[in-house]
Amino acid sequence: MSKLMVSVSGVRGIFGETLTPAIAQKYAAHFGIFSKRGKILVGRDSRTTGPAMFHAVVSGLLSVGCDVVDLGIVSTPTVLLAVEDSDASGGISITASHNNSQWNAMKFVGENGMFLFPENAQKLVESFSQNVNWVGWDKVGKLTSDEQATRRHLDKILAIPYLNVEKIKQKQFKVVIDSVNGAGGVISPKLLAELGCQVIELNCEPNGQFAHTPEPLAKNLKQLETAVKENKADLGFATDPDVDRLAIVDETGRCIGEEFSLLLAEKFILSQKKGDIVTNLSSSMASEDIAEEFGVKVHRTKVGEINVGKKMKELQSPIGGEGNGGIICPEVHYTRDAPAGMAIILAYLAQTDKKMSELTAEIPHYYFAKDKMEIEPDMLDSIMEKVERVFVGHKTDKTDGVKILGENYWIHIRKSGTEPIIRIYVESESTKRSQELVEEVKEKLS
Ligand code: MG
């Protein structure tokens with residue numbers, strides 16, 4: 001049985017096993033105390049354990065004196081934006097993101113509307129070992145609700161200055177949206193309709209019955225690919241259950257791969273506003289080619305959206321994100337936001353009068369191979385030590401795990417922050433070469 005994963009990214013486990021309501025209540029209470037017992041906004045994705053988790057989290061927060069605002073079923077970026085635009089001391093998004101139904105988790109949001117910066121998150125993690133100081137009956141917080149958070153999020157996206165909303169509307173794009181019955185159902189179809197699209201909804205009931213494996217990878221999006229072809233749509237969008245990752249299917253019914261979501265967004269935004277790009281060490285080297293085209297630089301951070309968002313804020317970068325389909329558009333906020341990404345992609349299509357496949361073809365193509373190795377949690381560190389031994393003598397970057405920098409390829413090996421696995425990412429000039437490199441790594445490490 002896997003352990004409860006407690007990290008700077010939050011607390012994640014299998015519901016009823018490692019993550020029980022009592023555990024959720026305790027961690028929420030600690031977060032409430034950490035947030036100076038102020039007001040906390042709580043939203044959740046659609047998964048079936050959401051209501052049980054929600055009540056446990058709220059109970060923990062109220063019982064340490066926090067006032068709680070229930071945002072209902074909303075995307076994670078909606079929670080983040082709601083916190084930023086309010087006087088709240090923080091927020092909790094109850095979601096296990098792209099993980100399957102048996103998982104749930106809490107993502108902790110700081111008062112600035114971003115996930116906790118790693119140094120603060122570390123302090124929170126340290127506080128988990130202390131006893132909870134509950135308040136008396138007369139100090140218990142109040143619970144209220146706010147049903148307008150999604151509306152405000154939509155308005156902020158529609159106000160991105162680079163969007164020519166009228167031009168997008170004129171195009172009447174036919175779009176299939178696959179929300180995997182996650183929280184996307186409450187925001188994505190509405191956004192697309194407000195951008196004048198003919199919307200074909202696929203799995204847009206936010207009922208938590210995930211229609212396919214929820215991670216928006218090409219292999220999980222066959223239904224969307226077919227629907228785009230059958231409906232002769234201009235494109236298809238897919239999101240993960242908490243709507244911070246975006247994948248695209250082009251008009252031929254081909255999933256173009258989640259790396260291209262960010263690359264396309266970079267190309268469009270840089271054509272509107274110049275500035276350095278920020279992305280993580282595991283994202284495509286095509287960003288460097290795009291940056292060169294516009295005469296700007298790429299800054300690479302550790303994996304984890306908070307590292308990218310923090311750096312973007314520091315540099316006032318106009319666009320950045322993560323290659324897993326995580327687009328960060330600072331005009332909305334410094335966090336990954338799939339609905340904002342959809343609006344940017346549609347704006348790009350409208351501006352160029354090109355098809356999705358044509359825009360994709362304009363981006364330099366490299367080929368990824370990604371794999372993971374499941375490791376016993378207490379063996380994770382020794383495997384990473386082995387990586388260093390195995391690749392001794394190679395040019396490496398140790399900002400985050402080990403990145404081996406080769407001639408026309410790179411290999412990035414790191415521990416996941418959320419699961420007991422080692423992630424292996426390779427990018428090179430051919431799929432065959434990348435796959436060979438992954439197999440070589442796995443062989444050397446097993
Ligand atoms: Mg997610």
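**Figure 1. The largest nonpolar core of the predicted model.** In this predicted model, the largest nonpolar core comprises 56 residues. Leu 235, Phe 237, Leu 264 and Leu 346 are the members with the most contacts inside this core. Helix α12, spanning residues 338–352, supplies the largest share, eleven residues. A second, separate core contains 28 residues, including Val 11, Tyr 27, Val 58 and Leu 116. In soluble globular proteins, nonpolar side chains tend to be buried together.

**Figure 2. Surroundings of Leu 264.** Leu 264 is one of the residues with the most contacts inside the largest nonpolar core. When residues up to four places away in sequence are not counted, Leu 264 touches Ile 248, Ile 256, Ile 345, Tyr 348, Met 356, Leu 359, Thr 360 and Ile 363.

Figure 3. Four residues provide the protein donors of the magnesium ion: Ser 97 through OG, and Asp 240, Asp 242 and Asp 244 each through OD. Along the sequence, the donor residues follow the spacing S-x142-D-x1-D-x1-D. Asp 240 counts as buried because its relative accessibility is 0%, below the 20% limit. Asp 244 likewise has 0% relative accessibility and therefore counts as buried.

**Figure 4. The second largest pocket.** The volume of the second largest pocket is about 290 Å³. Its lining consists of 13 residues, of which Phe 34, Ser 89, Gly 110, Glu 111 and Asn 120 are the closest to the pocket centre. Sorted by class, the lining of this pocket holds six nonpolar, five polar and two charged residues. Rolling a probe the size of a water molecule over the atoms shows where empty space is left.

**Figure 5. Gly 141 in its loop.** Gly 141 belongs to the loop that runs between α4 (118–127) and β7 (143–145). With a relative accessibility of 15%, Gly 141 falls under the 20% limit and so counts as buried. Apart from neighbours within four places in sequence, Gly 141 is in contact with Leu 62, Gly 65, Cys 66 and Asp 67. Gly 38 is 103 residues away from Gly 141 along the chain, and the C-alpha atoms of the two are separated by 9.1 Å.

**Figure 6. His 333 and its contacts.** His 333 is placed in the loop between β15 (326–328) and α12. Because its relative accessibility is 2%, His 333 counts as buried. Not counting residues up to four places away in sequence, His 333 touches Pro 77, Leu 80, Leu 81, Glu 84, His 153 and Ile 328.

Conventions
Residues numbered from 1 in each chain as written. Predicted model: local features only at pLDDT ≥ 70, side-chain atom pairs only at ≥ 80, totals over all residues. Heavy atoms only, no water. 1 Å grid on protein atoms, 1.4 Å probe; cavity = no way out; pocket = protein on both sides within 12 Å on 5 of 7 lines; lining within 4 Å. Points joined across faces, edges and corners; volume = space filled by probe spheres on them. Nonpolar A, V, L, I, M, F, W, Y, C, P; charged D, E, K, R; others polar. Core = buried A, V, L, I, M, F, W, Y, C linked by side-chain atoms within 4.5 Å. Buried < 20%, exposed > 50% of the residue type's maximum accessible area, 1.4 Å probe, protein only. Helix = DSSP H or I, 4+ residues; strand = E, 2+ residues; numbered from the N terminus. Contact = heavy atoms within 4.5 Å. Donors = N, O, S within 2.8 Å, 3.2 Å for Na, K, Ca; no water.
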